[in-house]
Amino acid sequence: MTQDASHQPYGTPEVPRVAVRGEARIEVDPEIARIGVTVSARGADRRSALDDLTRRNNTVLDLIKSYGDPVEKLETGSFSITPELTRHGRAERVRAYHGRVHLTAEVSDFTALGELTTRLADLELTQVDGPWWALRPTSPAHGQARRQAVLEAVQRAREYAEALGAQLAALVELADLGAEDANPFPAAGAGMRTMAFSAAEDAGPPPLDLEPQRQTVHAQVNARFTMTPPRL
């Protein structure tokens, strides 16, 4: 009994196979931007440091939440109160306490983003990092890249077959090698980074003019086809 050529890994002279890789790389505008906000406080005792940190953290949270729907996500990442030790003779004493809270915000309105980052950076003992531009996992750009990769695989296989005087007959296998944003979250320092240590003035600083960073979406597929016997 002979085995069906469509189930044989390398085909047969009567039903040869062609294996190709399709690849696509497209650039699109980002859909969201993430910023990191670090709120700090320093006090001579633990309670005063904690009180100041709580007050500043609430100010930051209220400011970010005041932007409403453009802020799609707001999360607290870490919190710490750390004693600063100093030597006094042979003993160590607490000189001061340092408090810190780290927040992450995800913003979809880039016009609001420039104003928000500027206002945050103008707050007392508040550091702003970012923005880190990205696409949503459900972005249509991912599907567009995958479709282009498949089309390229078909076109490449067809060209190989035509070079042999043959035609594609059927698709045997299509393997997705992944489609991903090449650089969804750039390292800190790749975008805007600013720090401020003075209280905000009534007029406030002018908003930053932030230019969104284009995102590269990459997709690859492996495809195997059967083709008609070549004319050699």
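Author: Let's start with strand E8 (residues 215–227), which is mostly covered: eleven of its 13 residues are buried, meaning under 20% relative accessible area with a 1.4 Å probe and protein chains only (exposed is over 50%, partly exposed in between). Strands here are DSSP runs of E, at least two residues, and helices are runs of H or I, at least four, numbered from the N terminus. One caveat: this is a predicted model, where local features need pLDDT of at least 70 and side-chain atom pairs count only at pLDDT 80 or more, while totals for chains, interfaces and linings use all residues. Residues are numbered from 1 along each chain as its sequence is written, and side-chain values use heavy atoms, with hydrogens and water left out.

E8 runs antiparallel to strand E1 (residues 17–28), with twelve bridges joining them; strands pair if DSSP finds at least two bridges. Across that pairing, Glu 23 faces Gln 220 in E8.

Now the largest nonpolar core, which has 26 residues. Such a core is a set of buried Ala, Val, Leu, Ile, Met, Phe, Trp, Tyr and Cys residues joined through side-chain atoms within 4.5 Å. Helix H2 gives the most to this core, six residues. Among those with the most contacts inside it is Leu 120. Leaving aside neighbours within four places in sequence, Leu 120 is in contact (heavy atoms within 4.5 Å) with Ile 35, Val 37, Val 60, Leu 63, Ile 64, Thr 126 and Val 128. A second, separate core of 19 residues includes Ile 26 and Leu 135.
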